[in-house]
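Thanks for sending this one over. Here are a few friendly notes to read with the model open beside you.

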Amino acid sequence: MAVIRDVMAAFELYQPSSVADAQKLLEQHGPDAWVLAGGLDSFDWLKDRIRKPKVVVDLSGIEELRGVRTTADGIEIGAMTTLTEVVNHPVIKQKYGLLAQATEVVASPQIRNQGTIGGNVSQDTRCWYYRGGWPCYRAGGNICYADTPEGRNREHAILHADRCVAVNPSDSAPALIALDAKFVVRTPKGERVVDAEDYFIGPDIDITRLHILQPGDLLTAIRIPSTWAGAQFYFEKVRDRNVWDFALMNVASAMVTSGDRIERIRIAVNGAAARPLRLKAVEDAVGGKPRNAATGEMAGKLAVQGALPLQFNAYKIPLMRNLVKRAIGGVEEATWAS
């Protein structure tokens, strides 16, 4: 008889109206509490009964977590701001278009209307073994089912795998890293501000999560400094279908040129590893060089050094190489040849 797992397990629902109240609830219930933002990742877990929190803290009623605010040095985006609001905000479109490009290709319009920027960067991996309730390393077991001779691993990692080969699914994450964003986290010990690239962690740090949030912590805002406002931006997402699908891989870059030379650049990819990767070696290598196909070719080859494909994802190596090549050398000059 088939097991039906579409009814959520019972939990206590709290709907605080302020960050302070939410923080108190999270501190009080610790690991028993589940933070609910847009709910798109959460309801998958809850309906499948893989996760059974005793307490759910719904942030939808906290007005101070919503909206885009101009600051003395850039903008601040509340963690509960919807992806649609991010896409359509005039300041983001004008000065930080990279983020608008990245959020506009998340899923579908209906999902962007509900999904939040905080939820998009904090969602869990989509590895079907893990999300199907298999007792893998990430779920507390002692095996990675994707990394076995029988495993299905077309969407999995080619870099920085450490027992677990699942990847981070966020589209906005590499754009925020390229924009040098800062994540504001409320913890029981006070406010903590971290660089976007340090918000995400790999299995070598903690195999059970993709970000730094601990029980009792709350992501409240994302700050983007004016450092890269109005730069030359590039974002590209490769996926199986043009709507709804998670990325097989994506790339985001912010670049400032002087004449035909690259003065400074930040570039990041996602879908290659458990965490979004800032390609610091590539940034250093292309600084001062002309923005052309030759520089892009060199950067692409450097980006994939050390990549180790699994049985079904060797295509990700030329994919990553060419995405980086296109981001730096330009689309017209680059090709998809492997």
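1. Confidence first. This is a predicted model, and the protein chain averages a pLDDT of 95, with 96% of the residues scoring at least 70. The stretch to watch is residues 333–338, where the pLDDT is below 50. In the model, that stretch still has 15 contacts beyond its near neighbours in sequence. Where pLDDT is low, the predicted coordinates should not be read in detail.

2. Do have a look at Thr 81. Thr 81 sits in the loop between strand E5 (74–78) and helix H3 (83–88). Is Thr 81 buried or exposed? With a relative accessible area of 0%, Thr 81 counts as buried, because the cut-off for that class is under 20%.

3. The surroundings of Thr 81 are worth a click as well. Leaving aside residues up to four places away in sequence, Thr 81 touches Leu 65, Arg 66, Gly 67, Val 68, Val 86, Gly 115, Thr 116 and Ile 117. With one of these, Gly 67, there is a polar link: a polar atom of the Thr 81 side chain lies 2.8 Å from the backbone nitrogen of Gly 67.

4. Now the cavity. The count comes to one cavity of 30 Å³ or more, and the largest cavity has a volume of about 80 Å³.

5. Which residues lie nearest the centre of the largest cavity? They are Cys 127, Tyr 130, Cys 136, Cys 144 and Cys 164, out of 14 lining residues. By class, the lining has 12 nonpolar residues, one polar and one charged.

Terms used:
Residues are numbered from 1 along each chain as its sequence is written. Side-chain values use heavy atoms; hydrogens and water are left out. On a 1 Å grid over the protein atoms alone, a cavity is a set of points where a 1.4 Å probe fits but cannot get out, and a pocket is an open set with protein on both sides within 12 Å along at least five of seven lines; lining residues have an atom within 4 Å of a point. Grid points are joined across faces, edges and corners, and a volume is the space filled by probe spheres set on the points. Ala, Val, Leu, Ile, Met, Phe, Trp, Tyr, Cys and Pro count as nonpolar, Asp, Glu, Lys and Arg as charged, and the others, Gly among them, as polar. Helices (H or I, at least four residues) and strands (E, at least two) are DSSP runs, numbered from the N terminus. Buried means under 20% relative accessible area, exposed over 50%, partly exposed in between (1.4 Å probe, protein chains only). A polar contact is a pair of N or O atoms within 3.5 Å; within protein, one must be able to donate a hydrogen and the other to accept it, and residues adjacent in sequence count only if both atoms are side-chain atoms. Contact means heavy atoms within 4.5 Å. pLDDT is the predictor's confidence in each residue, from 0 to 100.
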